[in-house]
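Student: I have a structure on the screen. Can you show me how to read it?

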Amino acid sequence: MNEKQLEKYREILIKERNALQEEIKDLTESEIQSSLLDSSGGLSGYPDDPGDVASDNFEKGKDLEILDMLTSKLEEVQTALEKIDTGTYGVCELCSKTIPQSRLNVKPWAKLCMKCRKDSE
Ligand SMILES: [Zn+2]
C-alpha cells in the first residue's frame, strides 16, 4: 500500500476514533447522571414502582452493553492507527497476507483477512 492510500485510511480511522470517543463520553456521562439520580432518589423510603425499576435496569444493561461494544471497537481502531505508524497496516495478523482493500474499505480496522476471519469463527 502506498503512502497516499495509507493516509486515506488514517483519515477514516481518526474520524472513526473521534466519533467513538464522543459516543463513549456521552454514554458514560449519562450513566454517571443516572447513577447519581439513583442514589439521590428513594428518600421517601418507598421503592419506586417495580415496573419502573425493572425497565430502568434493562435500559442500563443495554447502555453498558453498547459501551462495551464501543470500547472494544475503539481499541481496534486505535490498534489499526498504530499499525499505520509501524508500517504493518493492512496485513493479516494470522497469515501475514495483505488484506484486500475492498475489505479495508468496508472495515478499515480489520485485523484479519476474509479467510482467517472465517476460520476463526
Ligand atoms: Zn489471513
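Student: What average pLDDT does the chain have?

Tutor: Start here, since this is a predicted model. Where pLDDT is low, the predicted coordinates should not be read in detail. In this case the chain averages 88, and 83% of the residues score at least 70. Helix 3 has the highest confidence, at a mean of 96, and helix 2 the lowest, at 86.

Student: Now the metal. Which residues are the protein donors of the zinc ion?

Tutor: Look for N, O and S atoms within 2.8 Å of the metal. Here they are the SG atoms of Cys-92, Cys-95, Cys-113 and Cys-116, lying 2.3 Å from the zinc ion. Their spacing in sequence is C-x2-C-x17-C-x2-C. Cys-95 and Cys-113 link distant parts of the chain, 18 residues apart. Cys-95 sits in the loop between helix 2 (50-86) and helix 3 (101-106), while Cys-113 sits in the loop between helix 3 and helix 4 (114-120).

Student: What geometry does the site of the zinc ion have?

Tutor: Check the angles. Four donors count as tetrahedral if all angles lie between 85 and 135 degrees. The four donor atoms here give 106 to 117°, so the site is tetrahedral.

Student: Next, the core. Which residues touch the most other members of the largest nonpolar core?

Tutor: The general idea: in soluble globular proteins, nonpolar side chains tend to be buried together. In this model the largest nonpolar core has 22 residues. Leu-13, Val-77, Ile-84, Tyr-89, Cys-92 and Leu-104 touch the most other members. Cys-92 is also one of the zinc donors. Helix 1 (3-40) and helix 2 are the elements that give two or more residues to the core. Helix 2 gives the most, with seven.

Student: Why does this core lie between domain 1 and domain 2?

Tutor: Because domain 1 (3-89) and domain 2 (90-121) both give residues to it. Take Val-77 as a worked case. Leaving aside neighbours within four places in sequence, Val-77 is in contact with Leu-13, Glu-16, Arg-17, Leu-20 and Trp-109.

Student: One more. Is Glu-31 buried or exposed?

Tutor: Apply the area test again. Glu-31 lies in helix 1. Its relative accessible area is 14%, so Glu-31 is buried. Not counting residues up to four places away in sequence, Glu-31 touches Lys-60, Asp-63 and Leu-64.

How values were computed
Residues are numbered from 1 along each chain as its sequence is written. This is a predicted model: local features need pLDDT of at least 70, side-chain atom pairs count only at pLDDT 80 or more; totals for chains, interfaces and linings use all residues. Side-chain values use heavy atoms; hydrogens and water are left out. Donors are N, O and S atoms within 2.8 Å of the metal (3.2 Å for Na, K and Ca); water is not among the atoms, so sites may look incomplete. Four donors count as tetrahedral if all angles lie between 85 and 135 degrees; four count as square planar and six as octahedral if opposite donors are over 155 degrees apart and all others between 65 and 115; anything else is irregular. Helices (H or I, at least four residues) and strands (E, at least two) are DSSP runs, numbered from the N terminus. A nonpolar core is a set of buried Ala, Val, Leu, Ile, Met, Phe, Trp, Tyr and Cys residues joined through side-chain atoms within 4.5 Å. Buried means under 20% relative accessible area, exposed over 50%, partly exposed in between (1.4 Å probe, protein chains only). Domain bounds come from an automatic or database domain assignment. Contact means heavy atoms within 4.5 Å. pLDDT is the predictor's confidence in each residue, from 0 to 100.
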